[in-house]
Amino acid sequence: MQMILNELSARFPVPSVESGKQIMDIFLNTCFRVKTIIHNDSILLDQDYRSFELASGYRIEQWRNDPTVDVESKRRFRVLLNKSVVYNSEEFDQESDIDFKTEFKYQEKSSKGCLLAYEMDGVVVSFLSSDHWKTPQISGIYIELMDNGEIEQSPVQIPNVSFNENIDSFKKYHDGKQEERRYTDIVSGQDIINGAEHIFPNLVFCENAIQGCKRNVGVSEAGQVYKRLLELQRAAENMKDVFDKNTLTKATPESEATLKQFSQEHTFGLPDGSVKRFSWHIRYTGGYAGRIFFHPVPERKVIYIGHIGHKLPTVKYH
């Protein structure tokens, strides 16, 4: 799991030096405790926080040299910066290849930090600049531009941590997620394939999906792919006479124009030697914007997995 700064909470400068010091102490303690829960000490930031005005007339550079500031807080801040990545940067966009045809709206404000937390299944860390950010979950609207050009909006929630009380709530949330995903040792696509027969008995993996999972799914994507496959497994177990897309968090069919123009790219061999054109897909994120293409067979309570990996070409965005 990944920590991401909730940039909406970074309301600086604050009115007084003392409140600035207190906010920094609480924030750094929060980050330190969260990283011990998720076993990941990196954080995604909206900007480089080596230089900013913490309080009126009092910059963070002064805070770092202030003898009244706790030495441990200064050390934690230094470690935080060394382990940080600025997500509002050209380098991040190039390296992550995340597809930002999406938006997260919180009370009419757009938040890239909350968007990343939702798409990466991460957790936002907030400065306690207001009691408002004591909430253990941030509710917002996830807006997505679909491949067919339509816009879909969904109410969503992401975990938020900002002080001791909601850190305890987050730990319970995280522990529950770990149990739900059952992915303690899942750090690669190979790990997923190794346990597929036992964990996903209702999913049939085509050879293209097996090879794509091994080749394209690394530590950044493994948790997301595993979670999506668990959703598909549960959907397969509970299928009635017809496939209901609402049993999945986000499942969409490919457009007819795309399937016609890129039919070969969407056609995969099944284990029995036959071939099938796949239309239904769900998305995941990590180091890139990925897709899992699947084909449900309700009468057998089986879902074929045809592709796991990078997006396939479409008419609109090819």
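Okay, some ground rules. The model is predicted, so local features need pLDDT of at least 70 and side-chain atom pairs count only at pLDDT 80 or more, while totals for chains, interfaces and linings use all residues. Residues are numbered from 1 along each chain as its sequence is written, and side-chain values use heavy atoms, with hydrogens and water left out.

Let's start with charges. Side chains of opposite charge can pair when their charged atoms come close. Here a salt bridge is a side-chain nitrogen of Lys or Arg within 4 Å of a carboxyl oxygen of Asp or Glu. How many salt bridges does that rule give? The count comes to 15.

Take aspartate 168 and arginine 33: their closest N and O atoms are 3.2 Å apart. When I say helix or strand, I mean a DSSP run, H or I with at least four residues for helices and E with at least two for strands, numbered from the N terminus.

I'll also be saying buried and exposed a lot: buried is under 20% relative accessible area, exposed is over 50%, and partly exposed is in between, with a 1.4 Å probe and protein chains only. Aspartate 168 is partly exposed at 42%, and arginine 33 is partly exposed too, at 29%.

Next up, lysine 83 and aspartate 41, which form a salt bridge at 3.7 Å, N to O. Lysine 83 sits in the loop between helix H3 (71-82) and strand E5 (84-86), and aspartate 41 in the loop between H1 and strand E2 (43-45), so the pair ties together parts that are 42 residues apart in sequence. Lysine 83 has a relative accessible area of 38%, which makes it partly exposed, and aspartate 41 is partly exposed at 31%.

Now one more pair: glutamate 119 and arginine 283, at 3.5 Å, N to O. The glutamate is in helix H5 (residues 112-119) and the arginine in strand E14 (residues 280-285), so here the linked parts are 164 residues apart in sequence. Are these two buried or exposed? Glutamate 119 is buried, and so is arginine 283. Both also belong to a network of salt bridges, together with Glu144, Glu152 and Lys250.

On to the cysteines. A disulfide is a covalent bond between the sulfur atoms of two cysteines; the cut-off used here is a pair of cysteine sulfur atoms within 2.5 Å. The count is zero disulfides. For cysteine 31, the closest cysteine sulfur is in cysteine 114, 15 Å away, so that is too far for a bond. Cysteine 31 is buried, at 4%. Cysteine 213 is in no disulfide either, with the sulfur of cysteine 206 nearest at 13 Å, and cysteine 213 is buried at 0%.

On a 1 Å grid over the protein atoms alone, a cavity is a set of points where a 1.4 Å probe fits but cannot get out; a pocket is an open set with protein on both sides within 12 Å along at least five of seven lines; and lining residues have an atom within 4 Å of a point. Grid points are joined across faces, edges and corners, and volume is the space filled by probe spheres set on the points.

There are two cavities of 30 Å³ or more.

Of its 24 lining residues, the closest to the centre are Tyr118, Val156, Lys227, Arg228 and Thr249. Strand E10 (151-161) is among the elements giving two or more residues, and E10 gives the most, with six.

Last, helix H7 (residues 189-199): its buried residues include Ile192, Ile193 and Ile199.
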